Amino acid sequence: MRRYSLIAIFLHWAIAALLAFQIAVGSALEDLGARGFALFQLHKSIGITILALTVARVVVRYTRPRPAPVEGGWQGALAKGVHGGLYLFMLGAPLTGWALVSTAKVKVPTLVFGIIPLPHLPLPAGANDPALAAHALLAWVGIALFALHVAGALRHHILLRDGLLWRMMPARSPLLLVALPGLMAAGFLLGRLILPAPAPKAAAAQEKILTVEEQSPTDTTAVADNAVNAAPPAEVENSAAEPVGPPPAWTVQPGGTIGFSVGNGGDTIRGSFSRWTAKIVMDPDHPETADLRVEIDLASASVGDAYQDGMLAGDEFFGVAAHPKAVFTVKGAEKTGANSYRASGTLTLKGASEPQAIRFTLSGAGAKRKVSGSASIARAAFGVGNGESSTGLDPKVALNFRFNAKAE
């Protein structure tokens, strides 16, 4: 029996294995939320790979000789219909997925396998819903066609015993007859194995939230500083005296950091802001004189991944286009220990202004101080993480900061 060309055989089994992987992964992506972000990027990369391989397969189909059909009548017509439908699926599913990403509200840059940038298609935002519907429909139709194609091949090879499968083998080898179809099972199994573990149960998540809320949000450095520098309550009270002259202004020295972290199922996403400014007026001995204003450039947020950084700037998270800055202001603070303080102020983020408390520690003396501290921010109050990709994120974001300051 005449075989297909070697390039056609390679493309056939490569596409089949990748399709099996996509079927295994794609059916679970919708329920993963933020936990499935990396897997979603892989899903896009493999989809574009299938698109490229399918285009190559079409070219080979019409430029290389191929075996004649082995069956006529309605069975032959059905086989041709399934083949044609599969080609439409292999081309249409990646294209509608590409359109879906290109018209999404959250503009996430696409890098094929993290290397090759893929531009967004020039489509209007209104095309998003039709693209989503078409992509979902093609997925189900493609699964049905995939199953029919496999069933038809097995019918010919096992029931009719006409050796149809040998046409798609580079050699008449029983080992290849098992190994090459086995690639589809391997692709499907691999897709299921790399799915993230189920999210913790609601009760466990609630317990975790309560534990975080009950604990002091001061970071480990602050706790260490407090342990070393803690003074008895009487000493703290005795240190309070009338301020002499206006409180000093402090200049933040280069090298400071503002970081953030949030739970994501069983993982933690960590990031930082690279651009921010702070205006600080405060007498450490008289914290009631504190007058603070911190401005953060939200476009500088990064978690070390280009995909997720693009999402952070979008409307689902920081909405940088409409609200480029976050501002935190404080009037007055209170001592909670010899070198530790608590301040309540107002955080303005993404158009919302809400009360916000921070804890911080000062170490050093005189005109040079080291500042470290933390806060716990309820993201829902500011509409941060308000989409489907955020469903796995914890409700509170931990913020930490550390910098050196010098009195002017």
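Mentor: By class, 24 nonpolar, 16 polar and 7 charged residues make up the lining of the largest pocket; Ala, Val, Leu, Ile, Met, Phe, Trp, Tyr, Cys and Pro count as nonpolar, Asp, Glu, Lys and Arg as charged, and the others, Gly among them, as polar. The model is predicted, so local features need pLDDT of at least 70 and side-chain atom pairs pLDDT 80 or more, while totals for chains, interfaces and linings use all residues. Residues are numbered from 1 along each chain as its sequence is written, and side-chain values use heavy atoms, without hydrogens and water.

The largest pocket holds about 1,700 Å³ of space (a volume is the space filled by probe spheres set on grid points joined across faces, edges and corners). Its lining consists of 47 residues, and L29, F40, L100, L132 and H135 lie nearest the centre. A pocket is an open set of points on a 1 Å grid with protein on both sides within 12 Å along at least five of seven lines, a cavity is a set where a 1.4 Å probe fits but cannot get out, and lining residues have an atom within 4 Å of a point. At least two residues of the lining of the largest pocket come from each of α1 (6-32), α2, α3 and α4 (128-160) (helices, H or I, are DSSP runs of at least four residues, strands, E, of at least two, both numbered from the N terminus).

The second largest pocket contains about 1,200 Å³ of space. It is lined by 45 residues, of which A79, H83, H149, A153 and L164 are the closest to its centre. Two or more residues of this lining are given by each of α1, α2, α3, α4 and α5 (174-193). The greatest contribution to the lining of the second largest pocket is that of α4, with 12 residues. Sorted by class, this lining has 30 nonpolar, 8 polar and 7 charged residues.

Helix α2 (residues 37-63) and helix α3 (residues 73-102) meet at an angle of about 140°, and their axes are 9 Å apart. Because of that angle, α2 is oblique to α3 (under 35 degrees is roughly parallel, over 145 roughly antiparallel, 65 to 115 roughly perpendicular, and the rest oblique). Axes are lines fitted to C-alpha atoms, for helices over the stretch in contact, with angles from 0 to 180 degrees between N-to-C directions. The crossing of α2 and α3 is left-handed, which denotes a near helix turned anticlockwise from the far one by less than a right angle. Helices α3 and α4 pack at an angle of about 145°, with 8 Å between their axes. The crossing in which α3 passes α4 is left-handed. In the contact of α3 with α4 there are 14 nonpolar, 10 polar and 1 charged residues.

The structure has 2 cavities of 30 Å³ or more.

Strand β3 (residues 249-252) is joined to β14 by 3 bridges and runs antiparallel to it (DSSP must find at least two bridges for strands to pair). In this pairing, V252 stands opposite A405 of β14. Strand β3 is likewise antiparallel to β6, to which 2 bridges join it, and A249 stands opposite V281 of β6. Strand β6 (residues 276-283) pairs with strand β7 (residues 286-297) in the antiparallel sense over 7 bridges, and a hairpin of 2 residues connects β6 to β7. At this pairing, D283 has H286 of β7 as its bridge partner. Strand β7 pairs in the antiparallel sense with strand β9 (residues 325-331), over 7 bridges, and the bridge partner of D291 in β9 is K331.

The second largest cavity has about 30 Å³ of space. Its lining is formed by Y4, S5, A8, R57, V60, R61, R64, P65 and R66. These residues divide into 4 nonpolar, 1 polar and 4 charged. Helix α2 gives the most to this lining, with 3 residues.
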